[in-house]
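Open the structure in your viewer and keep the selection panel at hand.

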Amino acid sequence: MRIGYFLSSEELTPAQLLEQARGAERAGFEALWISDHYHPWTDAQGQSPFVWSMIGALSQVCSLPVTTAVTCPTVRIHPAVLAQAAATSAVLHQGRFVLGVGSGEALNEHIFGDAWPQADVRLEMLEEAVEVMRELWRGGFVNHHGRHYTVEHARLYTLPDVPPPVYVSGFGPKAVDLAARIGDGYVSTSPDADLVRRFRSGGGDKPCQAGFKAAYADSEDAGAAIAYERWPNAGVPGELSQVLPSPRHFEQAGQLVRPEMMKESFVCGDSADAHLEMIDRYAQAGFDEVYVANTGPHHEGLFELYRTSVLPRLR
C-alpha cells in the first residue's frame, strides 16, 4: 500500500502547503493529495488558496505525485478550462499528476448564483465534463455541443505525453457505478469494502485511493479538541456536506456535533498504533493508497511519528 500525505487547502496558507509538502517527502510519504476549495468548511480553518497555483508550485519543491482530492469540473470552472489546467499540471509534474474529480458541494460551486442541481444531474454533468476534458487531451480542435457544455474551436497546445488519469470519487451506489464506468481509479474517504467491491466489479482492477484525518497532539483528548475547533463539519451527517452553501451554515450544523464525536472520524493524539490500525482498516477494505491529513499546528510531530514509527513498520 502506498502511504501519502493530504494537503488541506482549507486550513493552510500557500507557504504552509509548500512547507508541509517538503516535510512529507522528507518523512517518507510517497504521494500527495491536495483539496480544491473556494471556501473553507468553517471560518476556523481560515484558508482557501487557488489549487492550480499550488499544484504548479508543488512541482518545483518536491517530486511526489499529486492528486486533486477532489476537483469539481462542472459549475465553478468550465471543464475546458480545467482540461488546460490539468494538462499543464501533468507537464510540470512530468506525468506524476492525477486529476481526482467529484460531483462537488454547494459550498464551493454556488458562488456565481447558479442553481445547485440535484445529485442525479450533478453526476450527469460530471460524466459529460470528463468526456470534454478527455477529448481536449487527445489534441486537435474540439467542437462539443452537449446537454450541459458547449466547446467551440478549442485546442490545447500544451499537452503531456500521456493524458492525466482521471480518478472519480463516489460515496453512494450511483456515484460509485459512474466512477467504475468512466474513472481510471476511485477516490473515497471511507474504509468501506462494499464500495470498493462495487467499483471493481464494474470497473476492473483499477487503483483505489482514500484518505483520513488526524489531529496530532500529546494526548487523544488534546487532539480531539483541536479537531473539534477546526473541523466540526467532519461530524455533519448525510448529504448536508453537499448542499450547505457557506462556512456559516457548516458552523451552525457543527453545533450539533459533540467534541467526543471527533474521535470517531479523526485519529487523535500521538499513537503510532492508532494510525497503523486506521491504515489497516483501509487496507482490509481493498484500497491501494491511503492519505493522512493533519489538522492543527503539530504537523512536525506527525511527520516524525510516521518517519520513525509508522512507515518503517508498514515496510
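Select G211 and look across to Y291 in strand 11, which stands opposite. This is a predicted model: local features need pLDDT of at least 70, side-chain atom pairs count only at pLDDT 80 or more, and totals for chains, interfaces and linings use all residues. Residues are numbered from 1 along each chain as its sequence is written, and side-chain values use heavy atoms, with hydrogens and water left out.

Now select strand 9 (residues 208-215). Strands here are DSSP E runs of at least two residues, helices are H or I runs of at least four, and both are numbered from the N terminus. Seven of the eight residues in strand 9 are buried (under 20% relative accessible area, 1.4 Å probe, protein chains only).

Strands pair when DSSP finds at least two bridges between them.

- Strand 11 (residues 289-294): parallel to strand 9, six bridges.
- Strand 10 (residues 266-268): parallel to strand 9, three bridges. Here A214 stands opposite V267.
- Strand 8 (residues 185-188): parallel to strand 9, three bridges. V187 has Q209 as its bridge partner.

Move to R76. Find R76 in the loop between strand 3 (66-68) and helix 3 (79-92). Is R76 buried or exposed? R76 is buried, because its relative accessible area is 10%.

Show its surroundings. Leaving aside residues up to four places away in sequence, R76 touches D36, H37, Y38, N108, E109, I111 and F112 (heavy atoms within 4.5 Å). Finally, pick N108: its backbone oxygen is 3.3 Å from the side chain of R76.

Note on methods
Buried means under 20% relative accessible area, exposed over 50%, partly exposed in between (1.4 Å probe, protein chains only). A polar contact is a pair of N or O atoms within 3.5 Å; within protein, one must be able to donate a hydrogen and the other to accept it, and residues adjacent in sequence count only if both atoms are side-chain atoms.
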